[in-house]
Each structure stands twice: as C-alpha cells, then as structure tokens.
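Hello,

Here is the structure I promised to pass on to you. Have a look at it first, and then read on for what turned up in it.

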Amino acid sequence: MDPYQSALVWAAMTIVSTYLVAFAYRNTKFILKHKVAQRREEAVNREVMKSLGDDKKMSRKEKDERALWKKNEVADYEATTFAIFYNNAFYLVLAIILSFYILKTTTPTMYPLRLNV
C-alpha cells in the first residue's frame, strides 16, 4: 500500500479510533465512579472532618458539602485512572489474541488495515 494513496483511510481510521477510545473511557469511568465513591466515602469523610473538625466557623451543612465535593473529586480521579488502565489492558489483550490466533493467516500487506478495521 502506498502511503499517499492510503492516507485518507489512515486519517479516517485514526479519527474513528480516537472517538471510540474516548467513548470507552467515558463509559467505563461513568460506571466505576459510583462504585468508587461508595467505597471511599467513609475514608474521605473521616479525612475531611479531621481537617475541618476544629473550625468553629463552619456549619455542619458546609462541612458535609465539602466532604461530598472531596468524595466526588477522589472518585472522579480514581475512576478515570482505572478506566484508562482497564481499556488499555483490554485493547492490548484483544490485539494479542487477534495477532496470534485470528489474523495469523492474513497476508502481511493487509495486516495493519485489518487490525484497524
């Protein structure tokens, strides 16, 4: 395949792949964020209350709002990190399985195109 003739195909596949990866990250993060928030809730509340415990100027409602904000921040970060890890590991395993078992009979000139399609 001539690089100039297939540049349009490569550009289109790059755009489609980028969109699909971002979509997968967002979906995985959305699913995981609630689970992580539930697991980290007690520890984050304890940490926030310990840091704000001696502050007499704050009401209980404001302390609870800060704890909720911190919990969401921690859950968002951890869900994002795990979503990136999970999707990259899934893609790597899928590429290895495709390379060694399913695509071993294809011709080498078509291999890059077949992996992207």
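**A buried lysine, and what surrounds it**

Let me start with Lys 71, which is buried, with a relative accessible area of 13%. A residue counts as buried when its relative accessible area is under 20%, so Lys 71 at 13% falls in that class. Please keep in mind that this is a predicted model.

Where does Lys 71 sit? Its place is in helix H2. Setting aside the neighbours within four places in sequence, Lys 71 is in contact with Ala 37, Glu 41 and Val 44. Two of those names come up again in H1, where Ala 37 and Val 44 are among the buried residues.

**The overall picture**

The protein has three helices and zero strands, and from the N terminus on its elements run α-α-α. Of its 117 residues, 18% count as buried. The accessible surface comes to about 9500 Å², and 65% of that belongs to carbon and sulfur atoms. Among contacts with a separation of 6 or more, 62% are between residues 24 or more positions apart.

Phe 30 lies in helix H1. Is Phe 30 buried or exposed? With a relative accessible area of 68%, Phe 30 is exposed.

Helix H1 covers residues 7–52. A straight helix of 46 residues would span 68 Å, but H1 spans only 58 Å between its end C-alpha atoms. Where does H1 bend? The bend is at Arg 40, and it is about 50°.

Helix H2 has 43 residues and reaches 60 Å from its first C-alpha to its last, which is close to the 63 Å expected.

Between H1 and H2 there is a loop, and Gly 53 lies in it. Gly 53 is partly exposed, at 40% relative accessible area. The C-alpha atoms of Gly 53 and Lys 63, ten residues apart along the chain, are separated by 8.8 Å.

**What is buried, and the core**

In H1 the buried residues are Met 13, Thr 28, Leu 32, Val 36, Ala 37, Val 44, Val 48 and Leu 52. In H2 they are Lys 63, Ala 67, Lys 71, Val 74, Ala 75, Ala 79, Ala 83, Asn 87 and Ala 95. The cover over the buried residues of H2 includes H1.

In soluble globular proteins, nonpolar side chains tend to be buried together. Which residues make up the largest nonpolar core here? It has six: Val 44, Val 48, Leu 52, Met 58, Ala 67 and Val 74. H1 and H2 (60–102) each supply at least two residues of this core, and the largest share, three residues, comes from H1.

Apart from its neighbours within four places in sequence, Val 74 is in contact with Arg 40 and Val 44. Arg 40 is also where H1 bends, and Val 44 is also a contact of Lys 71.

**A run of aromatic rings**

The structure holds four aromatic pairs. In one of them, the rings of Phe 82 and Phe 85 have their centres 6.1 Å apart and their planes at 45°, so the pair is tilted. Phe 82 and Phe 85 are three residues apart in helix H2, which means that about one helical turn separates them. Phe 82 is partly exposed, with a relative accessible area of 40%, whereas Phe 85 is exposed, at 53%.

Tyr 86 and Phe 90 form another aromatic pair, a stacked one, with 6.5 Å from centre to centre and 15° between the planes. Because Tyr 86 and Phe 90 are four residues apart in helix H2, they too are separated by about one helical turn. Tyr 86 counts as partly exposed at 43% relative accessibility, and Phe 90 is exposed at 51%.

How do these rings relate to each other? Ring pairs link Phe 82, Phe 85, Tyr 86 and Phe 90 into a cluster. For the geometry behind this, an α-helix has 3.6 residues a turn, so residues three or four places apart point the same way.

Best wishes

Methods
Residues are numbered from 1 along each chain as its sequence is written. This is a predicted model: local features need pLDDT of at least 70, side-chain atom pairs count only at pLDDT 80 or more; totals for chains, interfaces and linings use all residues. Side-chain values use heavy atoms; hydrogens and water are left out. The expected span of a helix is 1.5 Å times one less than its number of residues. The bend at a residue is the angle between axes fitted to the seven residues ending there and the seven starting there. Buried means under 20% relative accessible area, exposed over 50%, partly exposed in between (1.4 Å probe, protein chains only). A nonpolar core is a set of buried Ala, Val, Leu, Ile, Met, Phe, Trp, Tyr and Cys residues joined through side-chain atoms within 4.5 Å. Contact means heavy atoms within 4.5 Å. Rings of Phe, Tyr and Trp (its six-membered ring) pair if their centres lie within 6.5 Å; planes under 30 degrees apart count as stacked, over 60 as edge-to-face and the rest as tilted. Accessible areas come from the Shrake-Rupley method with a 1.4 Å probe; for residues, only the protein chains shown count as cover.
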